[in-house]
Amino acid sequence: MGIVHEGLEGFELVYSVQIDSGQMLELLVDEVDSGDCVWQTTLASGQVLTRSDRYEDQARCLRDGLNRVLK
């Protein structure tokens, strides 16, 4: 079942990693249509803190998300 966030209909959560006790980094992929992906950071409650633009390259998306949260 796809998650429903504004502008992300059809995207699936394919990877998540806990950043610290209250935050997660998530990688969401549009597996049905384009294969595009976005990364986002969320609180444990699910509230989105930051979200990237769409990437065509999933590896670059994950790399940029990790770089952002590990600064």
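Biologist: How does the span of helix α1 compare with what its residues should give?

Modeller: Helices (H or I, at least four residues) and strands (E, at least two) are DSSP runs, numbered from the N terminus. The expected span of a helix is 1.5 Å times one less than its number of residues. Helix α1 covers residues 58-69, so its 12 residues should span 16 Å, and its end C-alpha atoms lie 17 Å apart, which agrees. Before we go on: this is a predicted model, where local features need pLDDT of at least 70 and side-chain atom pairs count only at pLDDT 80 or more, while totals for chains, interfaces and linings use all residues. Residues are numbered from 1 along each chain as its sequence is written, and side-chain values use heavy atoms, leaving out hydrogens and water.

Biologist: Which residue caps the N-terminal end of α1?

Modeller: That is D57, with a side-chain oxygen 2.9 Å from the backbone nitrogen of A59.

Biologist: In what order do the elements of the protein chain run?

Modeller: From the N terminus on, the order is β-β-β-β-α, which comes to 1 helix and 4 strands. Along its principal axes, the C-alpha trace spans about 35 × 25 × 15 Å.

Biologist: How many salt bridges does the structure hold?

Modeller: Side chains of opposite charge can pair when their charged atoms come close. Here a salt bridge is a side-chain nitrogen of Lys or Arg within 4 Å of a carboxyl oxygen of Asp or Glu, and the structure holds 2. One joins D36 and R54, whose closest N and O atoms are 3.9 Å apart. This pair links distant parts of the chain, 18 residues apart: D36 sits in the loop between β2 (23-30) and β3 (37-43), R54 in the loop between β4 (48-51) and α1. In the other, the side chains of R63 and D64 meet at 2.9 Å, N to O.

Biologist: Is D36 buried or exposed?

Modeller: Buried means under 20% relative accessible area, exposed over 50%, and partly exposed in between (1.4 Å probe, protein chains only). D36 has 16% relative accessibility, so D36 counts as buried. Buried residues make up 27% of the 71 residues in the protein chain.

How values were computed. A polar contact is a pair of N or O atoms within 3.5 Å; within protein, one must be able to donate a hydrogen and the other to accept it, and residues adjacent in sequence count only if both atoms are side-chain atoms.
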